[in-house]
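Visitor: I have some questions about labels. Please set each term against its cut-off.

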Amino acid sequence: MSAANHPAYKEELERCRYTLDYVERSLKKALEKREKIGNELESVQKHLSGDSSADYTSILVNTMLHDTLALKIKNLYTARGKPYFARVDYRENNSDRTEKLYIGKMSLSRKKTRR
């Protein structure tokens with residue numbers, strides 16, 4: 001049977017499109033945030049006064065955020081090609097509700113709902 005003839009093909013295609021759209025939106029936000037942090041870092045470094053611990057703290061924090069975002073962006077670029085590789089249908093005992101869990105190399109959960 002070809003993939004297009006599988007009973008769940010349309011549902012899975014819709015889910016994949018939704019996930020790829022989510023990856024693109026997340027990537028755009030992460031790139032914008034990284035640029036903003038990079039600009040802030042550059043500004044603080046230009047105006048660094050030798051006796052200001054607040055400036056050094058700002059540089060340390062923004063450098064850590066910048067590095068964390070760089071890793072997230074790398075992972076999102078990877079997720080563009082293959083956002084997940086498996087689905088597990090989970091149902092608790094004595095429950096009629098089945099939860100579909102998608103498994104990939106990175107977490108792509110929404111902050112508000114964690115789904």
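Visitor: Leaving aside neighbours within four places in sequence, which residues is threonine 19 in contact with?

Guide: A word first: this is a predicted model. Beyond its neighbours within four places in sequence, threonine 19 is in contact with Pro83, Tyr84 and Leu108. Contact here means heavy atoms within 4.5 Å. Threonine 19 itself sits in helix H1.

Visitor: Why is threonine 19 called buried?

Guide: Its relative accessibility is 7%. Buried means under 20%. Threonine 19 is at 7%, so it counts as buried.

Visitor: What makes asparagine 62 buried?

Guide: The relative accessible area of asparagine 62 is 9%. The limit for buried is under 20%, so asparagine 62 at 9% is buried. Asparagine 62 lies in helix H2, residues 53-81. Leaving aside neighbours within four places in sequence, asparagine 62 is in contact with Ile37, Glu40 and Leu41.

Visitor: Why is lysine 29 called exposed?

Guide: Exposed requires over 50% relative accessible area. Lysine 29 has 59%, so it is exposed. Lysine 29 lies in helix H1.

Visitor: Which residues form the positive surface patch?

Guide: The patch is formed by Lys29, Lys33, Lys36 and Lys72. Helix H1, residues 9-46, gives the largest share, three residues. Lys counts as positive, and like charges are joined within 9 Å.

Visitor: Which residues form the nonpolar patch on the surface?

Guide: Phe85, Val88, Tyr90, Leu101 and Ile103 form that patch. Together they have about 440 Å² of accessible area. The elements that give two or more residues are strand E1 (86-90) and strand E2 (99-103).

Visitor: Why is leucine 101 called partly exposed?

Guide: Leucine 101 has a relative accessible area of 36%, so it is partly exposed. Patch residues need over 30%. Leucine 101 lies in strand E2.

Visitor: What makes aspartate 21 and arginine 25 a salt bridge?

Guide: The closest N and O atoms of aspartate 21 and arginine 25 are 2.2 Å apart. The cut-off is 4 Å, for a side-chain nitrogen of Lys or Arg and a carboxyl oxygen of Asp or Glu. The pair therefore forms a salt bridge. Both residues lie in helix H1, four residues apart, about one turn of the helix. Aspartate 21 is partly exposed at 38% relative accessibility, and arginine 25 is partly exposed at 37%.

Visitor: How do you know that lysine 46 and glutamate 42 meet in a salt bridge?

Guide: Their N to O distance is 3.6 Å. The limit is within 4 Å, so the pair counts. Lysine 46 and glutamate 42 both lie in helix H1, four residues apart. Lysine 46 is exposed, with a relative accessible area of 63%. Glutamate 42 counts as partly exposed at 44%.

Visitor: Which residues are linked in a network of salt bridges?

Guide: Glu12, Arg87 and Asp89 are linked in a network. Within it, the side chains of aspartate 89 and arginine 87 meet at 2.8 Å, N to O. Aspartate 89 is partly exposed at 41%, and arginine 87 is partly exposed at 31%.

Visitor: How many salt bridges does the rule give?

Guide: The count comes to six.

Visitor: Why is leucine 48 called partly exposed?

Guide: Its relative accessible area is 35%. Buried would need under 20% and exposed over 50%, so leucine 48 at 35% is partly exposed. Leucine 48 lies in the loop between H1 and H2. Not counting residues up to four places away in sequence, leucine 48 touches Asp55, Tyr56 and Ile59. The C-alpha atoms of leucine 48 and aspartate 96 are separated by 61 Å. Along the chain, these two are 48 residues apart.

Visitor: What makes asparagine 94 exposed?

Guide: Its relative accessible area is 87%. Exposed means over 50%, so asparagine 94 is exposed. Asparagine 94 lies in the loop between E1 and E2. Phi of asparagine 94 is near 60 degrees, a positive value in a residue other than glycine.

Notes: Residues are numbered from 1 along each chain as its sequence is written. This is a predicted model: local features need pLDDT of at least 70, side-chain atom pairs count only at pLDDT 80 or more; totals for chains, interfaces and linings use all residues. Side-chain values use heavy atoms; hydrogens and water are left out. Patches are made of residues with over 30% relative accessible area and no salt bridge: like charges are joined within 9 Å, nonpolar side chains (Val, Leu, Ile, Met, Phe, Trp, Tyr) within 5 Å. Accessible areas come from the Shrake-Rupley method with a 1.4 Å probe; for residues, only the protein chains shown count as cover. The place of a charge is taken as NZ of Lys, CZ of Arg, CG of Asp or CD of Glu. Buried means under 20% relative accessible area, exposed over 50%, partly exposed in between (1.4 Å probe, protein chains only).
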